Amino acid sequence: MKSLYQQRISCPHCGHHVFVSLDASDGDQDMYEDCAACCNPIHLNMHIDYANKKLELHVDSDDEQIF
Ligand SMILES: [Zn+2]
């Protein structure tokens with residue numbers, strides 16, 4: 001099972017397509033990627049399904065974060 005993935009996602013703020021690099025060797029991850037188009041943070045939640053050797057990626061905006 002390779003551990004590095006390139007995944008294309010859509011920005012939840014503006015719909016821009018963003019490529020993210022995922023490292024599956026560290027297990028489940030929570031991370032943020034800034035959209036190149038609108039600069040808003042995209043919340044990525046990566047879950048590794050070892051039983052099926054699949055990688056699930058949940059994308060959402062981070063509206064609860066207050067600056
Ligand atoms: Zn965007």
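Modeller: A residue counts as buried under 20% relative accessible area, as exposed over 50%, and as partly exposed in between, with a 1.4 Å probe and protein chains only. The model is predicted, so local features need pLDDT of at least 70 and side-chain atom pairs count only at pLDDT 80 or more, while totals for chains, interfaces and linings use all residues. Residues are numbered from 1 along each chain as its sequence is written, and side-chain values use heavy atoms, with hydrogens and water left out.

Biologist: What share of the 67 residues of the chain counts as buried?

Modeller: The cut-off for buried is under 20% relative accessible area. Among the 67 residues of the chain, the share that counts as buried is 25%.

Biologist: What is the mean pLDDT of the chain?

Modeller: pLDDT is the predictor's confidence in each residue, on a scale from 0 to 100. Where pLDDT is low, the predicted coordinates should not be read in detail. In this chain 93% of the residues reach 70 or more, and the mean pLDDT is 88.

Biologist: How many helices and how many strands does the chain have?

Modeller: Both are DSSP runs numbered from the N terminus: helices are H or I with at least four residues, and strands are E with at least two. From the N terminus on, the elements run β-β-β-β-β. The count is 0 helices and 5 strands.

Biologist: In which strand is confidence highest?

Modeller: Confidence is lowest in strand E5, residues 54-61, at a mean of 90. The highest value, 93, belongs to residues 41-49, which form strand E4.

Biologist: What is the order of the strands in the open sheet?

Modeller: Two strands pair if DSSP finds at least two bridges between them. Strands of a sheet pair through backbone hydrogen bonds, either parallel or antiparallel. In this open sheet of 3 strands the pairing is antiparallel, and the order is E3-E4-E5.

Biologist: Which are the edge strands of this sheet?

Modeller: An edge strand pairs on one side only. In the sheet order E3-E4-E5, the strands that do so are strand E3 (29-34) and E5.

Biologist: Which residue in the turn of the E3 and E4 hairpin has a positive phi?

Modeller: Most residues other than glycine have a negative phi, and most peptide bonds are trans. The hairpin of E3 and E4 has 6 residues between the strands. The residue in its turn with a positive phi, about 65°, is not a glycine; it is Cys39.

Biologist: Is Lys53 buried or exposed?

Modeller: Lys53 lies in the loop between E4 and E5, and has a positive phi of about 50° although it is not a glycine. Its relative accessible area is 59%, so Lys53 is exposed.

Biologist: Which residues does Ala37 touch, not counting those up to four places away in sequence?

Modeller: Contact means heavy atoms within 4.5 Å. Ala37 is in the loop between E3 and E4, and its C-alpha atom is separated by 6.6 Å from that of His16, 21 residues apart along the chain. With that sequence limit, the residues that Ala37 touches are Cys14 and His16.

Biologist: With which side chain does the side chain of His43 make a polar contact?

Modeller: A polar contact is a pair of N or O atoms within 3.5 Å; within protein, one must be able to donate a hydrogen and the other to accept it, and residues adjacent in sequence count only if both atoms are side-chain atoms. His43 lies in strand E4 and is buried, with a relative accessible area of 15%. His43 stands opposite Asp60 in E5. At 3.1 Å, the side chain in polar contact with that of His43 belongs to Asp30.
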